[in-house]
Amino acid sequence: GIFRTYLSLNGNDGNPCTVQLPCRVLPAALAAVNSGGEIWMVDSTNCNTAPVNINVSVKILAIPGAIGSVVGNGGDAIVINTGGDVTLRNLQVLNFSGGVNGINIQNAAAVQIEKTSIDGFTSGASACIRLDSPNTVRLYVDDSYLRQCNIEIFVNGKCTRKRKRVSAHNTTHERAFPRTPHPHEWEAVEH
């Protein structure tokens, strides 16, 4: 694997995911990146055709001026199941057709979501962000929008979390993190 992989609208998943020969979708870049590495999206484009399964410690980011789109199509848009850290930056996570959850965290040491918009996960118990882990997860959500989801953030398990500059519109907060006197910060609790 390599430390940094690249995605481009004109990429090809048969490429080695380098800056000169980028991949097209996230699963190919995840297969090529080293644990602890980075995936850079260099164009505004949709980066998946099925749920994106993240099982390594990685930073996934769209470069400034680009928006990396990940869609939920018949399942979760992103599923995180790693013992390491995951950062998602400058992404747009959308429900395309039958998406269940925007980001489903099954396991991780820490998940950092920055400058990301998660929209339209409205069916049943679906959530913008769902954390369902037997292990304690550090969750940070910063400068992000959570819109039109049935549940803003759903937690079933243990986690510590912090939120700054998060805007939630047309979402319910039932079974989600309770609001604290400080609207920009959550206290560590167990559910």
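A residue counts as buried under 20% relative accessible area, as exposed over 50%, and as partly exposed in between. Asp85, at 37% relative accessibility, is therefore partly exposed. The structure described here is a predicted model.

**Salt bridges**

The model holds 5 salt bridges. One of them joins the side chains of Asp85 and Arg138, with an N to O distance of 3.9 Å. Because Asp85 belongs to strand E8 and Arg138 to strand E14, this pair ties together parts that lie 53 residues apart in sequence. Arg138 has 36% relative accessibility, so this residue too is partly exposed.

Glu114 is buried, because its relative accessibility is 12%, whereas Arg89 is partly exposed at 29%.

Arg130 forms a salt bridge with Asp132, where the closest N and O atoms are 3.5 Å apart. Arg130 is buried at 17% relative accessibility, and Asp132 is partly exposed at 30%.

**Strand pairing**

Strands pair in a sheet through backbone hydrogen bonds, in either a parallel or an antiparallel sense. The pairings below are parallel; the table gives the bridge counts.

| Strand | Partner strand | Bridges |
|---|---|---|
| E4 | E7 (residues 78-81) | 3, parallel |
| E5 (residues 58-62) | E8 (residues 85-89) | 4, parallel |
| E8 | E11 (residues 110-114) | 5, parallel |

Individual bridge partners can be named for each pairing. Asn53 stands opposite Val79 in E7, Ile60 stands opposite Leu88 in E8, and Val86 has Val111 in E11 as its bridge partner.

E4 and E7 belong to an open sheet of 5 strands with parallel pairing, in the order E4-E7-E10-E13-E15. Its edge strands are E4 (52-54) and E15 (151-155), each of which pairs on one side only. On average, neighbouring strands of this sheet are turned by 10° against each other, direction ignored.

**Tyr140**

Tyr140 lies in strand E14, which covers residues 137-147. At 32% relative accessibility, Tyr140 is partly exposed. Apart from neighbours within four places in sequence, Tyr140 is in contact with Val111, Gln112, Ile113 and Lys162. Between Tyr140 and Ile113 the C-alpha to C-alpha distance is 6.2 Å, while the two are 27 residues apart in sequence.

How values were computed
Residues are numbered from 1 along each chain as its sequence is written. This is a predicted model: local features need pLDDT of at least 70, side-chain atom pairs count only at pLDDT 80 or more; totals for chains, interfaces and linings use all residues. Side-chain values use heavy atoms; hydrogens and water are left out. Helices (H or I, at least four residues) and strands (E, at least two) are DSSP runs, numbered from the N terminus. Buried means under 20% relative accessible area, exposed over 50%, partly exposed in between (1.4 Å probe, protein chains only). Contact means heavy atoms within 4.5 Å. Two strands pair if DSSP finds at least two bridges between them. Axes are lines fitted to C-alpha atoms, for helices over the stretch in contact, and angles run from 0 to 180 degrees between N-to-C directions. A salt bridge is a side-chain nitrogen of Lys or Arg within 4 Å of a carboxyl oxygen of Asp or Glu.
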